[in-house]
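Q: I would like to learn how to read the features of a structure with two copies of a chain. Can we work through one together?

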Number of protein chains: 2
Amino acid sequence: MDNRIDNVFRALFTLEDLREIHRNALPTGLDAEEEEQYRQVLARLEGIITDIEQGRAAKEITKIAGTIDVRTREENFINIQPIQAAGRLTPEARKAVIAYGDGYSTCDACRKPFRLDKISRPGISEFHADLAKFVNMDQARVVPGARRGFQAVASTLVAKGDSVIVSALAHYTEFLSVENAGGVVKEVPLDNSNIVTADATAQKIEEVIRETGRSPVLVMMDHFDYQFANEHDISGIGKVAHQYDIPLLYNGAYTVGVMPVDGKKIGADFVVGSGHKSMASVAPSGVLAMTDEWVPSALRTTGMVGDVTKRKFGIKEVEMLGCTLMGGTLLSMMASFPTVKARTLRWDDELKRSNYFVDRLLKISGSKVLSEYPRKHTLTKVDTTMSFDTVAKTHKRRGFYFSDELSSRGITGEFAGATRTWKLNTYGLNGRQIRYLADAFTEIAQKYEIPVQK
Amino acid sequence: MDNRIDNVFRALFTLEDLREIHRNALPTGLDAEEEEQYRQVLARLEGIITDIEQGRAAKEITKIAGTIDVRTREENFINIQPIQAAGRLTPEARKAVIAYGDGYSTCDACRKPFRLDKISRPGISEFHADLAKFVNMDQARVVPGARRGFQAVASTLVAKGDSVIVSALAHYTEFLSVENAGGVVKEVPLDNSNIVTADATAQKIEEVIRETGRSPVLVMMDHFDYQFANEHDISGIGKVAHQYDIPLLYNGAYTVGVMPVDGKKIGADFVVGSGHKSMASVAPSGVLAMTDEWVPSALRTTGMVGDVTKRKFGIKEVEMLGCTLMGGTLLSMMASFPTVKARTLRWDDELKRSNYFVDRLLKISGSKVLSEYPRKHTLTKVDTTMSFDTVAKTHKRRGFYFSDELSSRGITGEFAGATRTWKLNTYGLNGRQIRYLADAFTEIAQKYEIPVQK
């Protein structure tokens with residue numbers, strides 16, 4: 001590991017100490033005592049920078065608030081953790097969080113009508129319009145995670161006992177949002193390739209109508225699922241949903257922010273995306289976009305009137321509970337957005353690298369890919385029961401030998417100890433990193449005498 | 001303004017650029033080209049630090065992502081904005097956000113049973129226990145803002161048509177959470193001092209029972225309200241609620257994190273606090289705490305079963321939608337927590353400074369305090385109609401003259417242009433800053449020939 005990394009963090013933290021002196025000072029400037037303290041902190045900073053230049057190890061292990069370890073996973077390792085890859089912050093997002101971390105930092109210039117998405121300095125209002133355009137929908141709101149988007153839609157459309165069509169690979173948060181609204185999930189079965197098809201969706205809708213006597217009130221469908229990251233026939237499903245006059249919620253937790261998404265082309269009524277999963281943003285963050293048709297219901301404004309005071313808060317949206325992401329979370333989304341928009345256009349390159357890695361893995365005898373292949377996503381479920389797990393059976397560290405081997409090569413994010421079926425995500429790795437990753441797997445195989453095809 | 005401040009931000013941002021080189025490199029270290037880039041960024045950093053030392057103005061105005069202004073309000077100004085004061089990050093929280101900003105940063109060591117509040121590295125599980133203890137309740141969860149705590153409780157307890165007792169000064173998010181659950185708010189009127197009393201609460205409950213034939217299902221009450229920050233008789237109200245066997249939700253958005261809160265002593269069933277308002281944390285964040293009695297309902301785990309796959313996600317809590325704050329928001333709460341705990345014990349000092357300022361303001365002829373007085377909070381509503389507004393009437397800048405005068409003295413956060421009734425918050429200002437603030441008001445009065453008592 002590069003011993004400069006710890007010192008880069010120490011320098012950042014020392015600058016925060018310097019900044020704090022300004023925060024405690026009078027607007028007229030630092031007094032003599034503060035100036036002296038300032039000089040001392042600056043001298044400490046210079047020492048750290050000299051250490052960086054000279055490659056000297058950090059003089060102390062920094063802990064945040066005395067107890068929290070500094071997280072250097074992204075600096076010290078290639079991280080293949082399945083859900084972390086596309087949520088890594090861009091440098092601009094990190095700068096935004098430095099500048100806008102304080103609680104209600106978005107509210108400096110909040111004026112009538114006092115709602116987050118109307119604020120123009122910083123350009124939150126414009127960002128909301130851009131977000132809607134980005135997924136080709138009419139209106140967008142930021143929400144505290146994709147799950148809060150599901151919740152808002154389910155709470156609007158689903159009444160007690162209503163059926164909601166989901167995939168047999170639906171994420172648990174879809175289950176919870178339906179359950180919380182009093183509804184019942186009805187899963188569309190997968191075909192032999194673990195894909196949800198339009199036909200299967202139509203059959204399921206028919207079945208629900210037959211069984212319950214009523215049409216499902218919502219189809220909530222993942223374009224790519226969280227288990228295999230297989231691509232499901234979302235456009236076909238959209239057509240089916242509309243034939244039955246059922247609205248479609250497009251779950252783009254694994255798509256919005258990494259690949260182009262055209263909500264209207266898909267026939268989506270709602271598009272939900274995740275900021276911390278796929279838009280390089282601080283958690284919890286996400287987007288709920290919709291067509292104009294749904295604004296009066298899903299974005300209905302409050303009608304509640306105080307019985308004594310007659311107070312009304314007319315502009316506030318009930319499902320959003322008013323304002324949603326009032327600080328650093330939103331600013332991280334906004335700061336990453338130009339990069340995020342641009343990177344979706346380079347999705348094909350990500351797929352090439354994903355398939356390059358998978359192809360190299362498949363050369364290791366006994367390895368299998370459980371996701372559809374060739375890969376249409378960077379998240380992949382693999383089965384190494386007949387390759388790396390054969391070693392784990394007799395190794396004194398069991399499956400952890402594999403984690404040890406990866407870790408010693410600067411690779412992390414696999415599920416520690418798992419050597420049978422597990423998931424990895426190559427999103428964001430550059431060409432050199434992906435080759436290094438594939439080489440490392442090959443080396444480990446060779447070390448343990450698992451045959452590798454040339 | 002201190003021209004070093006811009007350069008402190010430039011230095012922080014330059015370090016993020018340096019950090020990014022590590023992120024794009026191989027675990028084996030930087031290659032020649034990266035080393036060269038590294039040297040260049042380091043040289044730039046050193047230039048900035050030299051500028052800081054020599055007090056030279058920043059060579060360029062930095063924008064984040066090319067468009068977002070750097071926010072230096074807390075460094076360049078004394079900020080008296082009503083809702084921002086206690087949400088300012090501590091230096092440790094800023095360091096936590098630097099280290100843990102990336103999307104799902106909390107999930108590195110997530111193991112069975114896969115729920116945020118069970119993670120022990122970093123110490124999230126321990127933090128949850130500490131949080132519950134901090135407000136003297138049995139269980140706590142972090143939530144995306146106090147409003148999401150109201151929502152979880154309302155969604156659990158309130159059915160269509162149910163009545164919920166709130167204050168005539170209730171925050172709009174309380175209205176929305178009740179509305180979203182299908183309930184109706186019933187406001188307790190204020191007494192002549194703008195206080196909600198236990199008697200008035202009891203009367204209101206009686207009235208609701210008489211009118212609707214049913215008992216209200218919840219009392220949701222602010223200890224200190226958002227308009228005047230008056231203290232309401234929350235313990236008395238707790239007793240009344242329990243006499244009628246109605247659970248009490250204690251809204252601590254203006255208390256938890258700034259003053260000691262003892263939920264059980266108050267008789268609260270639920271305690272809700274705001275991270276970004278009063279716990280020096282990134283938005284959206286907050287806490288929902290409760291007694292053990294409510295865990296089976298408000299923290300019920302999912303019972304939904306997939307009809308095809310038979311999948312269950314048993315440990316996930318329905319109202320939380322599973323995990324809540326999976327990244328920088330939570331780590332900012334955790335990093336600020338030791339400071340936050342300690343500062344609640346110094347609340348009396350905050351009150352002294354709040355009252356010092358208010359007393360000085362009252363010496364300016366015509367000025368009034370609309371909040372209860374002496375102040376029991378640092379948030380105060382003032383009326384300067386007969387003092388500063390008398391100048392606005394004839395000034396060509398109208399009420400903005402007052403903002404201009406404050407701003408030229410390095411003070412911000414008043415509602416720009418407002419010179420009649422407006423709010424300010426002195427929370428977190430040190431002794432020198434509070435005197436400076438009071439002096440500035442006096443100076444402005446004198447400049448415009450508004451009489452000031454000695």
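A: Start with contact: two residues are in contact if their C-beta atoms, placed from the backbone, lie within 7 Å. The model here is predicted. In it, the contact takes 113 residues from chain A and 112 residues from chain B.

Q: Which element gives the largest share of the side of chain A that touches chain B?

A: That is helix 1 of chain A, residues 4-24, with 15 residues.

Q: How does the side of chain A that touches chain B divide by class?

A: Sorting that side by residue class gives 54 nonpolar, 29 polar and 30 charged residues.

Q: How should I read the relation between two copies of a chain?

A: In general, one copy is related to the other by a rotation about an axis and a shift along that axis.

Q: Why can one say that the copies meet through the same surface?

A: Because 99% of the interface residues of chain A are also interface residues in chain B.

Q: What domains does chain A have?

A: The domain assignment of chain A gives domain 1 as 4-75, domain 2 as 105-343 and domain 3 as 347-447. Between domain 1 of chain A and domain 2 of chain A, the C-alpha centres lie 42 Å apart.

Q: How do I read the packing of two helices, say helix 8 and helix 9 of chain A?

A: Look at the angle and the distance between the axes. Helix 8 (residues 198-212) and helix 9 (residues 234-243) of chain A pack at an angle of about 30°, and their axes are 8 Å apart. Angles under 35 degrees count as roughly parallel, so helix 8 of chain A is roughly parallel to helix 9 of chain A. The crossing of helix 8 of chain A past helix 9 of chain A is right-handed.

Q: Which residues make that contact in chain A?

A: From helix 8 of chain A come A:Ala198, A:Thr201 and A:Ala202, while helix 9 of chain A supplies A:Gly236, A:Ile237, A:Lys239 and A:Val240. By class, this contact has 4 nonpolar, 2 polar and 1 charged residues.

Q: At what angle do helix 8 and helix 9 of chain B pack?

A: In chain B, helix 8 and helix 9 pack at about 30°, with their axes 8 Å apart. Helix 8 of chain B passes helix 9 of chain B in a right-handed crossing.

Definitions and conventions. Residues are numbered from 1 along each chain as its sequence is written. Chains are lettered from A and ligands numbered from 1 in the order in which they are written. This is a predicted model: local features need pLDDT of at least 70, side-chain atom pairs count only at pLDDT 80 or more; totals for chains, interfaces and linings use all residues. Axes are lines fitted to C-alpha atoms, for helices over the stretch in contact, and angles run from 0 to 180 degrees between N-to-C directions. Helices (H or I, at least four residues) and strands (E, at least two) are DSSP runs, numbered from the N terminus. A crossing is left-handed if the near helix is turned anticlockwise from the far one by less than a right angle, and right-handed if clockwise. Domain bounds come from an automatic or database domain assignment. Ala, Val, Leu, Ile, Met, Phe, Trp, Tyr, Cys and Pro count as nonpolar, Asp, Glu, Lys and Arg as charged, and the others, Gly among them, as polar. Angles under 35 degrees count as roughly parallel, over 145 as roughly antiparallel, 65 to 115 as roughly perpendicular and the rest as oblique.
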